[in-house]
Amino acid sequence: MKRLAALILALIFVFGLVGCNNRNMNYIIKHEPSVTGTVEEVHDNYMIIYLKTDGYPNGARCAVSLNVENKDSYTDVAVGDEVIVYYNGEIAESYPLRINTVYAINLKAPASREAEGFCFRQARRSVPIKIR
């Protein structure tokens, strides 16, 4: 009888642990705070975004970790991309601001891939275009 009770408690404990980190992208989008910003710089482990929120009406630069909990996130960011960052609600008041715990990153609007008179629409080669 004691073995059966111990087995049942162990199974409840194991099943409880399995369900602890089941936050998928839909759950994160519905329940976690977010900021939207434009990517200014991209580094190995973080990116700098420019954000404009009610708390920062004149805008602010923010370093955002690219170590993201949800692996379905958009981490192949480029300068000019507009992204939505879902995080734990804590922004370090430094310069630039810093978000260390990131749950997910979504692409809101991609950057224009045209620059310096070249069009990058074709994957194999650049095609020169005229700028007036």
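**Note on strand 3 and its neighbours**

1. Strand 3 and strand 5, the latter spanning residues 97-99, pair in the parallel sense, and three bridges connect them. Within this pairing, C62 is the residue that stands opposite L97 of strand 5. The model is a predicted one, and the pairing should be read with that in mind.

2. On the antiparallel side, strand 3 is joined by six bridges to strand 2, which covers residues 46-51. Taken together, strand 3 runs antiparallel to strand 2 and parallel to strand 5.

3. How much of strand 3 is buried? The strand, which comprises residues 60-65, is mostly covered, with five of its six residues counted as buried. For the protein chain as a whole, buried residues make up 27% of the 132 residues.

4. Two totals for the protein chain complete the note. Of the contacts between residues at least 6 apart in sequence, 55% join residues that are at least 24 apart. The accessible surface amounts to about 9600 Å², and carbon and sulfur atoms account for 53% of that surface.

Note on methods:
Residues numbered from 1 in each chain as written. Predicted model: local features only at pLDDT ≥ 70, side-chain atom pairs only at ≥ 80, totals over all residues. Heavy atoms only, no water. Buried < 20%, exposed > 50% of the residue type's maximum accessible area, 1.4 Å probe, protein only. Helix = DSSP H or I, 4+ residues; strand = E, 2+ residues; numbered from the N terminus. Pairing = 2+ DSSP bridges. Contact = heavy atoms within 4.5 Å. Areas by Shrake-Rupley, 256 points an atom, 1.4 Å probe, with all protein chains shown as cover.
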